[in-house]
Amino acid sequence: MRSKDQISECTVPLTAPGLFSVQNLPEFYQDASADFVKVNGEWIDGFAQDNMKDAMTRFHEAYAEGLIDMEVITGTTSACHDQWYGGSVGVFNYWGGNWR
């Protein structure tokens with residue numbers, strides 16, 4: 001990962017409209033799921049699995065390095081739009097669709 005000090009164009013490299021969905025920052029979740037998932041015919045809590053521990057470690061390290069917006073937990077789509085259009089964020093993950 002690059003340090004935020006190496007990216008002069010923005011004040012924070014990555015933001016998202018909250019952390020309530022794996023859609024918002026999929027590169028950190030990778031093979032983890034925050035939902036209940038069916039594995040070998042049984043429903044399990046994805047959040048309690050080892051791969052979620054790995055995902056949380058990735059989040060923690062990126063957050064500690066200042067690579068993720070410090071307001072990402074309470075972030076809203078409109079706040080992300082404002083940051084994106086204002087040039088203060090380098091990446092804004094968002095699923096398909098139109099927004100203005």
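**Exercise 1. Locate Phe-28 and decide whether it is buried or exposed.**

Step 1. Phe-28 sits in helix H1. Helices (H or I, at least four residues) and strands (E, at least two) are DSSP runs, numbered from the N terminus.

Step 2. This is a predicted model: local features need pLDDT of at least 70, side-chain atom pairs count only at pLDDT 80 or more, and totals for chains, interfaces and linings use all residues. Residues are numbered from 1 along each chain as its sequence is written, and side-chain values use heavy atoms, with hydrogens and water left out.

Step 3. Apply the cut-offs: buried means under 20% relative accessible area, exposed over 50%, partly exposed in between (1.4 Å probe, protein chains only). Phe-28 has 5% relative accessibility, so Phe-28 counts as buried.

Step 4. Look across to Asp-54. Phe-28 and Asp-54 are 26 residues apart in sequence, yet 8.7 Å apart in space, C-alpha to C-alpha.

**Exercise 2. Sketch the whole chain: its elements and its surface.**

Step 1. Count the elements. The chain has 3 helices and 4 strands.

Step 2. From the N terminus on, they run β-α-β-β-α-α-β.

Step 3. Turn to burial. Of the 100 residues in the chain, 32% are buried.

Step 4. Take the surface. The accessible surface comes to about 6,600 Å², and 52% of that belongs to carbon and sulfur atoms. Such areas come from the Shrake-Rupley method with a 1.4 Å probe; for residues, only the protein chains shown count as cover.

Step 5. Check the contacts (heavy atoms within 4.5 Å). Among those between residues at least 6 apart in sequence, 56% join residues at least 24 apart.

**Exercise 3. Find which residues touch the most other members of the largest nonpolar core.**

Step 1. Define the set. A nonpolar core is a set of buried Ala, Val, Leu, Ile, Met, Phe, Trp, Tyr and Cys residues joined through side-chain atoms within 4.5 Å.

Step 2. Read off the members. The largest such core has 13 residues, and Leu-25, Phe-28, Phe-59 and Ile-68 touch the most other members.

Step 3. Assign elements. Helix H1 (26–29) and helix H2 (50–64) each give two or more residues to this core. The largest share, 4 residues, comes from H2.

Step 4. Follow Ile-68. Not counting residues up to four places away in sequence, Ile-68 touches Val-12, Leu-14, Phe-28, Phe-59, Ala-62 and Tyr-63.

**Exercise 4. Work out which residues of H2 are buried and which are exposed.**

Step 1. Check the length. H2 has 15 residues and reaches 21 Å from its first C-alpha to its last, close to the 21 Å expected at 1.5 Å a residue. The expected span is 1.5 Å times one less than the number of residues.

Step 2. List the buried residues. In H2 these are Met-52, Ala-55, Phe-59 and Ala-62. They cover an arc of only 90° around the axis, so they lie on the same side of H2. The arc is that of the directions from the helix axis to the C-beta atoms.

Step 3. Recall the general rule. An α-helix has 3.6 residues a turn, so residues three or four places apart point the same way.

Step 4. Turn to the other side. There, Asp-50, Lys-53, His-60 and Ala-64 are exposed.

Step 5. Find the packing partner. The buried residues of H2 pack against H1. Ala-62, at 0% relative accessibility, counts as buried. The C-alpha atoms of Ala-62 and Phe-28, 34 residues apart along the chain, are separated by 9.2 Å.

Step 6. Look just past the helix. Gly-66 takes a positive phi of about 80°.

**Exercise 5. Trace the polar contacts of Asp-69.**

Step 1. Asp-69 is in the loop between H2 and H3. Its relative accessible area is 10%, so Asp-69 is buried.

Step 2. Apply it. The Asp-69 side chain makes a polar contact with the side chain of Thr-15 at 2.9 Å, and another with the side chain of Gln-83 at 3.2 Å.

Step 3. Join the remaining pair. The side chains of Gln-83 and Thr-15 make a polar contact of 3.4 Å. Gln-83 has 19% relative accessibility and so counts as buried.

Key
Polar contact = N/O pair within 3.5 Å; in protein donor to acceptor, adjacent residues only side chain to side chain.
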